[in-house]
Amino acid sequence: MLLVLSEEHKEHLGFLSEVDPAVVGEFGRIAVEFLKKGSNPKIYEGAARKLNVSSESIQHGVEGLMYLLTESSKLMISEVDFQDSVLVLGFSEELNKLLLQLYLENRKEIRQILSKLGPSLPHYHNLEWRLDVQLASRALRHQVKPTVTLKLHLEDGAKRSAHVLQTDPATLQHLIHELERALTELKSSHCRRILRNIK
Amino acid sequence: MRFRFCGDLDCPDWVLAEISTLARISSVKMKLLCVQVIKDLLDEGIDYDKVSKLTSDAKFESGDIKASIAVLSFILASAAKHDVDSESLSSELQQLGLPKEHTTGLCKSYEEKHIALQEKLRESSLRLGRLEAVNWRVDYTLSSSELKQVNEPTVQLRLQAQDPETDSTQTTTVSITADKFRVLLTELKQAQTMMNALQ
């Protein structure tokens, strides 16, 4: 599957052919750092001064590289396809090899970062519980009523929420039974067949 | 195999695996490591520099250091949770393969601090909506827009409690007439007598 690059993108990346391959390697390293930790505009200023070009063209070059890497990693394109897509830019043989190297080395890590960006539901963080016995209330004395109080902590991205629930032991047993049934469902032949095919 | 310190359940596999990691450091260093872990469990802060110095002889990597702290925290917290005496803990750990000197060191630290550990665990047990402060004031209403001579005492109560779901402090202010307040006081005194009878 070939990557189709827009005109603007090609223009931004065109800047890379004007500089040394060593500098392109450095830009590649900066691009990967930015993908992992976020961009730092000060680096553009320093590089612009050293190379005697505007910091805007440096920014475009690095961002163009970042986009190229994320798109290729997202689509998981093969080496051949990557090389064909990059040929369009008209870079030298050495530059093409450098870009391919950059792609292959960092593909797995970029894919890991991209996998965390998808939408997600709140998921389990922690569960606290407590077993109480109600002995008396204002209305009725001499009772014996066991209850289980649960505090379910959920996490959704950066947000934490807590839900307080209360149940009697019989309902809790039923809940446990249903959850164990859900777990044994994983071991059924139907599920195992599907899991084998995915792996 | 059922172990008392695991609450009469099987010992988790990761604990078995990490016990062999623990056996790699000398028993003296392990006792000092236990002291650090107990300090962490009691929320007194753990000194990671000391820990890395203790484990540097056995050339522990960062993964091994984390694993040994985790397994010691588990053993000590679990033993305190299920109120296991130090002899049973000692024999069970030796059954799991921890060498005798390490076990004696661990059990000595446990015995010194197990009451403090249980107190800390009791404090951190689930409690919903703790009452943080009670302020009160008695007013005497002389007159109002409805009636010229009111001459009635009222109590203003301000309760500061913790919201069970968000853990933030919520303030509730109520004003109570003398009769209602008398009823409230009697009922609460009855509840207090019942609580004292239970202690």
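## Where the two chains meet

Between chain A and chain B, 4 residue pairs are in polar contact, both partners at pLDDT 80 or more. A polar contact here is a pair of N or O atoms within 3.5 Å; within protein, one must be able to donate a hydrogen and the other to accept it, and residues adjacent in sequence count only if both atoms are side-chain atoms. Strand 1 (123-134), strand 2 (145-156) and strand 3 (159-167) of chain A each put at least two residues into the side that touches chain B. (Strands, E, at least two residues, and helices, H or I, at least four residues, are DSSP runs numbered from the N terminus.) That side of chain A divides into 6 nonpolar, 2 polar and 5 charged residues, where Ala, Val, Leu, Ile, Met, Phe, Trp, Tyr, Cys and Pro count as nonpolar, Asp, Glu, Lys and Arg as charged, and the others, Gly among them, as polar.

This is a predicted model: local features need pLDDT of at least 70, side-chain atom pairs count only at pLDDT 80 or more, and totals for chains, interfaces and linings use all residues. Residues are numbered from 1 along each chain as its sequence is written, chains are lettered from A and ligands numbered from 1 in the order in which they are written, and side-chain values use heavy atoms, with hydrogens and water left out.

## Area and charge at the contact

The contact (heavy atoms within 4.5 Å) takes 13 residues from chain A and 12 residues from chain B. About 1100 Å² is buried between the two chains, and carbon and sulfur atoms give 56% of it; buried area is the accessible area (1.4 Å probe) that two parts lose on being put together, summed over both. Arg130(A), Lys151(A) and Val164(A) supply 39% of what chain A buries against chain B, more than any other three residues.

What about salt bridges? The count between chain A and chain B is 1, with the side chains of Arg138(A) and Glu187(B) meeting at 3.4 Å, N to O. The cut-off is a side-chain nitrogen of Lys or Arg within 4 Å of a carboxyl oxygen of Asp or Glu.

## Ring pairs

Over all chains there are 3 aromatic pairs. Rings of Phe, Tyr and Trp (its six-membered ring) pair if their centres lie within 6.5 Å; planes under 30 degrees apart count as stacked, over 60 as edge-to-face and the rest as tilted. Phe82(A) and Tyr103(A) are stacked, because their ring centres are 4.6 Å apart and their planes at 10°. This pair links distant parts of the chain, with Phe82(A) in helix 5 (residues 79-87) and Tyr103(A) in helix 6 (residues 93-115) of chain A, 21 residues apart. Phe82(A) is buried at 1% relative accessibility, and Tyr103(A) is buried at 1%. Buried means under 20% relative accessible area, exposed over 50%, partly exposed in between (1.4 Å probe, protein chains only).

Over in chain B, Trp14(B) and Phe74(B) sit edge-to-face, with centres 5.5 Å apart and planes at 65°. Trp14(B) is in helix 1 (residues 13-22) and Phe74(B) in helix 4 (residues 62-81) of chain B, so the pair ties together parts 60 residues apart in sequence. Trp14(B) is partly exposed at 39%, and Phe74(B) is partly exposed at 25%.

## A buried serine and an exposed tryptophan

Ser73(A) belongs to helix 4 (residues 55-75) of chain A and is buried, at 0% relative accessible area. Leaving out residues up to four places away in sequence, Ser73(A) touches Tyr103(A), Arg107(A), Ile110(A) and Arg111(A).

Trp136(B), in strand 1 (residues 131-141) of chain B, is exposed at 61%. Neighbours within four places in sequence aside, Trp136(B) is in contact with Gln156(B) and Leu157(B).
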